[in-house]
Amino acid sequence: MESKIIINGGRPLCGEVTVSGGKNSAVAIIPAALMSDEICYIENIPKIEDVIVLKKMMETLGAEVTIEGNTMKVDPSNVSKWIVPDDLAREMRASYYLMGTMLAKFGKAQVAFPGGCNIGSRPMDQHLKGLNALGAKIDLKGGVYVCEADKLKGCEIYMDVSSVGATVNIMLAAARAEGVTTIVNAAREPHIVDLANFLSAMGATVKGAGTPTIRIKGASKLRGCRYSILPDQIETGTWMALAAATRGDIKIRGCVPYHMESASVKLAEMGVEVIEGEDYIRVNAKNRPNAVHIQTLPYPGFPTDLQQPFTVILSTAKGTSMVIETIFESRFRHVDELRRMGANIQISGDVAVITGVESLSGADVVASDLRAGAALIVAGAMAKGKTTISNTKYIDRGYEDIVDKLISVGADVSRT
Ligand code: EPZ
């Protein structure tokens, strides 16, 4: 029986919450551990569904993977396979990182076309362009990418799109390639820097992560290491949205305020108080927010993953807001559910025009993807009355202990 999340909303959320390790860091760094022959300890791993699925995939390849608390131990010494089971690969987007890692380790990989959130076509042409440039031959046979490379040789790769996934996949393969790989127009997200630091800890030489040009000098052998991943940038932003939407006051601990700049600036424009500490952000929203305009862009622009939760704040702001989603072509599927709760939002192409209403009212709603699910949690916490959210499996892919954390800031929430 699919579980549901039930929220009786309409009151300010106040208190302190600690963010977990970053999902998009974890799903890039965990596969990278397979490229060594030694044990890696990866700390601050979030206990989320995507990590569980990734663990299963790695075990089918022969790795020994154990999780104690939030520390994962990866022993890749018996990894002997490079074929990822289709059913597991289709459960998440990041399964395609096993293409880069298995090519790096064995010169072979077989990974089904990945699953992941249905927020657009999500092509892989930049992944293939980069891996081909490094020397891989890749054929799509029956929905499975069959990859082979006699040798991976470093080169310069120009990205037509600053794709996070393609940048990660190329970095992974380049870490064991001969010579230097230069990625031009690379993605600059915090999780790219996190992966670069992990690969460096394993013995690769990675320079320029976080800038549009990344240089990776591959190593013939990569060593085991102990590494703690970054806090989740998008979970941090989700708590910021919950505080603003419920007119609450939440101190978000264990985050990196610098990574949240675009979200913090937008909240300040809305008239919400944002106090930044060394490793925390406090969001104190006493009044009804002002309408603002948001355009999603690659980092350091406003993150597309926060577009959905922030649209909810704007649905009860004073005035009319505009949200332009420039990254994914169908990332407004949460809007239908928000309309069911009384939101007044018009969609035209990649633009949402949001006319703020006094308040939303609770309803039965369905999550269509991970961050749509997060948006519905924000909406349910803000709305007067009871909201029941179905398809919570999407939410569990990316948020650790979300119900307990919500209760700790005063939400009246339960899971069936
Ligand atoms: C990653 O997806 C994240 N997922 C997404 O987070 C996030 O929304 C996205 O980056 C943007 O930040 C993971 O890290 C596992 P992209 P990814 O490649 O790598 C186009 C979440 O909620 N593109 O940066 O798939 C693509 O169509 C998830 O945590 C190509 O054209 O994103 C899109 O328009 C959802 N060709 C744009 O680039 C390619 O080969 C950005 O996509 C690849 C992508």
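I looked up N44 and found it in the loop between β3 (40–43) and α2 (49–60), with helices (H or I, at least four residues) and strands (E, at least two) taken as DSSP runs numbered from the N terminus. N44 has a positive phi of about 65° although it is not a glycine. Most residues other than glycine have a negative phi, and most peptide bonds are trans. I also noted a cis peptide bond between Y299 and P300, with omega about 10°; P300 lies in the loop between β17 (293–295) and α10 (307–314).

I keep in mind that this is a predicted model, in which local features need pLDDT of at least 70 and side-chain atom pairs count only at pLDDT 80 or more, while totals for chains, interfaces and linings use all residues. Residues are numbered from 1 along each chain as its sequence is written, and side-chain values use heavy atoms, with hydrogens and water left out.

A backbone N or O atom of V164 lies 2.7 Å from a ligand oxygen atom, a side-chain N or O atom of R122 is 3.1 Å from an oxygen atom of the ligand, and a polar side-chain atom of N24 lies 3.2 Å from one. Taken alone the ligand exposes 820 Å², of which the protein buries 91%, by the Shrake-Rupley method with a 1.4 Å probe.

Finally I asked where the ligand lies relative to the domains. Domain 1 (5–19 + 231–415) and domain 2 (23–228) both give residues to the shell around the ligand, so the ligand lies between them; the domain bounds come from an automatic or database domain assignment.

Note on methods:
Polar contact = N/O pair within 3.5 Å; in protein donor to acceptor, adjacent residues only side chain to side chain.
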